[in-house]
Amino acid sequence: MITGIEALALEATDILSVSRAAQQIVSPLAQANSKLVDSSMPANPDEVKHALDRALVAIASVDRKLVECTEIINSLNTLSDSELHFTHEFTAELKVRAAMLTHHIENLRDVFSLVETAPSWKPYLSAVMERKIKAIRSVSNLRNAYLNIALITEQFVDPVPTVESSVEGRVAEFESAVVASNELLKINRSGWR
């Protein structure tokens, strides 16, 4: 059962919207770069500005998700321990999402590296470097927020319940049950004990 705070945290850590935002940072730069490589012409300032502006818009959406995650972290820190109960699946899902963001960070580094080394982007290198720093920092901060939420909620995961049981019966009854089980499963009884 998902609690209210879990639902809010899952919404705040929506990996699809963050993946889309990371793709929106990368795709205009990659498209502009491939056009430049294909045409071997100097960069069109309008295309470059458009690509860099689109990257800034996507970075802003990542930053909005970070604000949501920060609010979740703050609310988790202010709630009493008795109000918080989370599942193992919830914390595991947050860690998986954080790992996906790590892959997005690596992708951002790769694409920005291609753009930085392209000669046609040299006049715009300072703007490219600024976007690179902002993009990687934003996605890294968001990944860290995901991990923080996971670490906080791990403290409130219900432990595995312990079951105390006692079996009553005579030894002969247990021996006959084991023999019947062995026959049913066609297990050969070994000679050692």
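Biologist: What do the side chains of Glu68 and Lys65 meet in?

Modeller: The side chains of Glu68 and Lys65 meet in a salt bridge, with an N to O distance of 3.6 Å. A salt bridge here is a side-chain nitrogen of Lys or Arg within 4 Å of a carboxyl oxygen of Asp or Glu. This is a predicted model, in which local features need pLDDT of at least 70 and side-chain atom pairs count only at pLDDT 80 or more, while totals for chains, interfaces and linings use all residues. Residues are numbered from 1 along each chain as its sequence is written, and side-chain values use heavy atoms, leaving out hydrogens and water.

Biologist: Where do Glu68 and Lys65 sit in helix α3?

Modeller: They are three residues apart in helix α3 (residues 45-78), so about one helical turn separates them. Helices are DSSP runs of H or I with at least four residues, and strands are runs of E with at least two, numbered from the N terminus. An α-helix has 3.6 residues a turn, so residues three or four places apart point the same way.

Biologist: Is Lys65 buried or exposed?

Modeller: Lys65 counts as buried because its relative accessibility is 10%, whereas Glu68, at 32%, counts as partly exposed. Buried means under 20% relative accessible area, exposed over 50%, and partly exposed in between, with a 1.4 Å probe and protein chains only.

Biologist: Which residue forms a salt bridge with Lys95?

Modeller: Glu154 does, and the closest N and O atoms are 2.5 Å apart. Lys95 lies in helix α4 (residues 88-117) and Glu154 in helix α5, so this pair ties together parts that are 59 residues apart in sequence.

Biologist: And what about Lys134 and Glu130?

Modeller: These two form a salt bridge, with the closest N and O atoms 3.2 Å apart. They are four residues apart in helix α5, which means a separation of about one helical turn. Salt bridges with shared partners join Glu130, Arg131 and Lys134 into one network.

Biologist: How many salt bridges are there by this rule?

Modeller: The count comes to eight salt bridges.

Biologist: What follows α6?

Modeller: Lys186 follows α6, and its phi is positive, near 55 degrees.
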